[in-house]
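Let's take a friendly walk through a protein model. Have a look at the sequence and the 3D view, then read on.

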Amino acid sequence: MSQANSPKDRLWRKICTEALIEISLLAENWKLILAGLVFQYIHGLAAHGVHYLHRPGPTLQDTGFFLLPELGQNKFYISETLFTFIFCSFLLWTFHPFVFQNKRIYTVLIWCRIFAYLVASQSLRIVTFYSTQLPGPSYHCHEGSKLARLPPPESVLEVVLINFPQGVVYGCGDLIFSSHMIFTLVFVRTYQKFGTRRCIKQFAWLLAVIQSLLIIASRKHYTVDIVVAWYTVNLVAFFLDGKLPELPDRSSGATAPPLLPLSTRNKDGKNKEEHQKLLNGNSLATTS
């Protein structure tokens with residue numbers, strides 16, 4: 001085996017070829033990606049804002065609290081650990097086309113769709129938790145906690161910066177419906193639709209159920225927050241799937257799709273030729 005054809009060199013060529021394709025896609029869809037990222041901040045700002053309206057009170061009667069034993073403050077981290085695992089695992093999967101030969105998605109295009117799911121679900125969430133403020137069941141939202149009530153902000157900067165990171169971790173009032181379940185269900189549904197391994201799909205849904213139960217057992221949310229998240233996110237995704245264009249399938253043996261399925265603008269012949277070269281280069285890299 002020559003030095004030029006070593007596994008390390010082939011991997012590097014594959015990464016470079018994929019990067020060229022993704023950069024071209026990003027150049028066309030950067031506004032969608034940027035809008036999705038900006039809305040994550042807007043959602044965080046809205047969640048922080050409703051904390052100023054929160055008034056602690058007795059914990060509401062809840063079926064999930066009755067059925068599930070309370071984990072307690074010393075095990076408060078368990079649900080966050082599982083969520084971090086789900087988030088990081090999905091994030092790594094969306095970048096697998098840079099490394100693996102068997103690929104079905106484009107990283108940029110899959111994140112355009114993910115942000116569409118997230119923005120729609122989070123918009124509904126903002127409207128919901130501002131409509132009615134419930135007393136938070138979490139430990140730091142109980143009467144007597146310093147974090148249960150926020151004093152009026154001393155400056156605009158305090159609001160804009162969302163009192164990071166404490167304002168993000170120890171929020172109160174943004175209950176219906178669970179933000180953690182929005183991310184979890186969007187990720188699981190996306191892998192269900194575009195993933196390839198059946199066992200991972202089944203395991204992902206199991207993790208989503210476990211995550212739901214852990215959030216309730218941790219008393220971070222009422223059961224209604226979880227139930228509403230399950231049917232809202234799934235209905236939002238079902239609706240958007242019927243409106244958004246189908247993503248190109250990069251599975252082995254599939255014909256080369258248009259590089260920019262989300263763009264309807266016509267490009268000049270030079271750009272089309274460059275895009276085709278990128279696709280041809282990617283096909284050669286996967287067959288080498």
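Which residues does H96 touch, not counting residues up to four places away in sequence? They are N102, K103, R104 and I105. H96 sits in the loop between α3 and α4. With a relative accessibility of 12%, H96 counts as buried.

**The whole chain**

Keep in mind that this is a predicted model. Of the 288 residues in the chain, 44% are buried. The chain exposes about 16000 Å², and carbon and sulfur atoms supply 65% of that area. Now consider the contacts with a separation of 6 or more: residues 24 or more positions apart account for 84% of them.

**The disulfide**

How many disulfides does the structure hold? It holds one, and this disulfide joins C141 to C172, with an S to S distance of 2.0 Å. If the term is new to you, a disulfide is a covalent bond between the sulfur atoms of two cysteines. The torsion about the S-S bond of C141 and C172 is about -95°, so the disulfide is left-handed. C141 lies in the loop between α4 (107-131) and α5 (156-160), while C172 lies in the loop between α6 (166-169) and α7 (179-194), so the pair ties together parts that are 31 residues apart in sequence. Both C141 and C172 are buried.

What about C16 and C112? C16 is partly exposed, with a relative accessible area of 31%. C112, at 9% relative accessibility, counts as buried.

**A proline beside C141**

P56 belongs to the loop between α1 and α2 (63-67). Along the chain P56 and C141 are 85 residues apart, yet their C-alpha atoms are separated by 6.2 Å. Leaving out residues up to four places away in sequence, P56 touches P135, C141, H142, E143, A148 and R149. Is P56 buried or exposed? At 11% relative accessibility, P56 counts as buried.

| Residue | Relative accessibility | State |
|---|---|---|
| C16 | 31% | partly exposed |
| C112 | 9% | buried |
| P56 | 11% | buried |
| H96 | 12% | buried |

**A closer look at α7**

α7 has 16 residues and reaches 23 Å from its first C-alpha to its last, which is close to the 22 Å expected at 1.5 Å a residue. At the N-terminal end, S178 caps α7: a side-chain oxygen of S178 lies 3.4 Å from the backbone nitrogen of H180.

How many of the 16 residues of α7 are buried? Twelve are, and the helix is mostly covered. Among the buried residues are S179, M181, I182, F183 and T184. Further along α7, the buried residues include L185, V186, F187 and V188, as well as T190, Y191 and F194. What covers them includes α1 (7-51), α3 (77-94), α4, α8 (198-217) and α9 (223-243).

When you look at any helix, remember that an α-helix has 3.6 residues a turn, so residues three or four places apart point the same way.

Notes
Residues numbered from 1 in each chain as written. Predicted model: local features only at pLDDT ≥ 70, side-chain atom pairs only at ≥ 80, totals over all residues. Heavy atoms only, no water. Disulfide = S-S within 2.5 Å. Helix = DSSP H or I, 4+ residues; strand = E, 2+ residues; numbered from the N terminus. Buried < 20%, exposed > 50% of the residue type's maximum accessible area, 1.4 Å probe, protein only. Expected span 1.5 Å × (residues − 1). Contact = heavy atoms within 4.5 Å. Polar contact = N/O pair within 3.5 Å; in protein donor to acceptor, adjacent residues only side chain to side chain. Areas by Shrake-Rupley, 256 points an atom, 1.4 Å probe, with all protein chains shown as cover.
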